[in-house]
Amino acid sequence: MVADYDAIAFGCPAMGAEVLEEMSFEPMFTSVEGLLSGKKIALFGSYGWGDGQWMRDWEDRCNAAGAKLACPGVMANYAPGEDSLEECKSLGAALA
């Protein structure tokens, strides 16, 4: 349960019109969103179009819920490349 953890990493791809995956992830995230206040969190995901608006919207939701972002969300265009992998390592270190 989210309430049992001080730090949490969430990963989700962008879907449709730059939104979180709607069938599984969005309902799960919505169900825990109210429990994020004071939690240190990290966000990561991939996208294939757009400019990353979905990540900015997701970060805004987390900030509004009172979460403490460990670092800016990490995004990979399609599959992670060498730069994205390094950013993920930094994300993990910031969260730990």
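How many aromatic pairs does the structure hold? In this predicted model, the structure holds 6 aromatic pairs. One of them joins Phe 29 and Trp 58 in an edge-to-face arrangement, with 5.9 Å from centre to centre and 80 degrees between the planes. Because Phe 29 belongs to helix H1 and Trp 58 to helix H2, this pair ties together parts that lie 29 residues apart in sequence. Both partners are buried: Phe 29 has a relative accessible area of 0%, and Trp 58 has a relative accessibility of 1%. The two residues also belong to one aromatic cluster, which is formed by Phe 10, Phe 25, Phe 29, Trp 54 and Trp 58.

The largest nonpolar core comprises 18 residues, of which Phe 10, Phe 29, Leu 36, Ile 41 and Trp 58 touch the most other members. Two or more residues are given to this core by each of strand S1, helix H1 (25–33), strand S4 and helix H2 (53–64), and the largest share, 4 residues, comes from H2. When neighbours within four places in sequence are left aside, Trp 58 is in contact with Phe 10, Gly 11, Cys 12, Leu 20, Phe 25, Phe 29, Leu 43 and Phe 44. A second, separate core of 5 residues includes Cys 71, Val 74, Leu 91 and Leu 95.

Strand S1, spanning residues 7–11, presents Ile 8 and Phe 10 on a covered face, whereas Ala 7, Ala 9 and Gly 11 make up the uncovered one. This strand pairs with S4 (residues 40–47) in the parallel sense over 5 bridges, and Ala 9 stands opposite Ala 42 in S4.

Note on methods:
Residues are numbered from 1 along each chain as its sequence is written. This is a predicted model: local features need pLDDT of at least 70, side-chain atom pairs count only at pLDDT 80 or more; totals for chains, interfaces and linings use all residues. Side-chain values use heavy atoms; hydrogens and water are left out. Buried means under 20% relative accessible area, exposed over 50%, partly exposed in between (1.4 Å probe, protein chains only). Two strands pair if DSSP finds at least two bridges between them. A nonpolar core is a set of buried Ala, Val, Leu, Ile, Met, Phe, Trp, Tyr and Cys residues joined through side-chain atoms within 4.5 Å. Contact means heavy atoms within 4.5 Å. Rings of Phe, Tyr and Trp (its six-membered ring) pair if their centres lie within 6.5 Å; planes under 30 degrees apart count as stacked, over 60 as edge-to-face and the rest as tilted.
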